[in-house]
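Here's a quick tour in question-and-answer form. Have a look at the structure first, then read on.

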Amino acid sequence: MHASQNQDILGAQTKRYFNTQTNHYIIEVEVNGLTKKNLDITSKDGMIHINGYVQKSEQTENSIYNASNKFLQSYSLPRGADTNNINAEFKDNCVIISIPKLAKVTSLVNKIAIQ
């Protein structure tokens, strides 16, 4: 995972980097308007998915206003990531995902003996 920073069409700031002090890959996503309760983070098939949803409703004397906002970002997990020990933290409108690096990376290629 290389250090990078981008902005998606919803305005969420994303920062990805490797922390050499903790030996963890880090994904930081700014999710303004969402709370910890509105977020769902999963990993599957070498990907990590961040989903968020918020619905607002306002009622005035003459009308009702409903609005909803959905947030979805997916990232490929780096080779050598310990997918069984991923942690996430919500702090200051930001989701911080910490992915430990395996001490020993297993090979993606397995030699098969011909019988």
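Buried means under 20% relative accessible area, exposed means over 50%, and partly exposed lies in between (1.4 Å probe, protein chains only). This is a predicted model, where local features need pLDDT of at least 70, side-chain atom pairs count only at pLDDT 80 or more, and totals for chains, interfaces and linings use all residues. Residues are numbered from 1 along each chain as its sequence is written, and side-chain values use heavy atoms, with hydrogens and water left out.

Q: What share of the 115 residues of the protein chain counts as buried?
A: Let's take the cut-off for buried, under 20% relative accessible area. Applied to the protein chain's 115 residues, it gives a buried share of 24%.

Q: How many helices and strands does the protein chain have?
A: Helices (H or I, at least four residues) and strands (E, at least two) are DSSP runs, numbered from the N terminus. Read from that end, the elements go β-β-β-β-β-β-β-β. So by that definition the count is zero helices and eight strands.

Q: Over how many bridges do β5 and β6 pair?
A: Two strands pair if DSSP finds at least two bridges between them. The pairing is antiparallel, and its bridges number 13.

Q: Which residue in the hairpin of β4 and β5 takes a positive phi?
A: Strand β4 (residues 39-44) pairs with strand β5 (residues 47-59) in the antiparallel sense, over six bridges. Ser43 sits opposite Ile48 in β5. The hairpin has two residues between the strands, and the one with a positive phi near 55 degrees is Asp45.

Q: Is Phe18 buried or partly exposed?
A: Phe18 belongs to strand β2 (residues 13-19). Skipping neighbours within four places in sequence, Phe18 has contacts (heavy atoms within 4.5 Å) with Asn23, His24, Tyr25 and Lys101. Its relative accessible area is 27%, so Phe18 is partly exposed.

Q: Which side chain of opposite charge is nearest to Asp82?
A: Asp82 lies in the loop between β6 (64-76) and β7 (87-91). Lys and Arg count as positive and Asp and Glu as negative, while His and the chain ends are not counted. Asp82 is buried but has no salt bridge, meaning a side-chain nitrogen of Lys or Arg within 4 Å of a carboxyl oxygen of Asp or Glu. The nearest opposite charge is 13 Å away, on Lys101.
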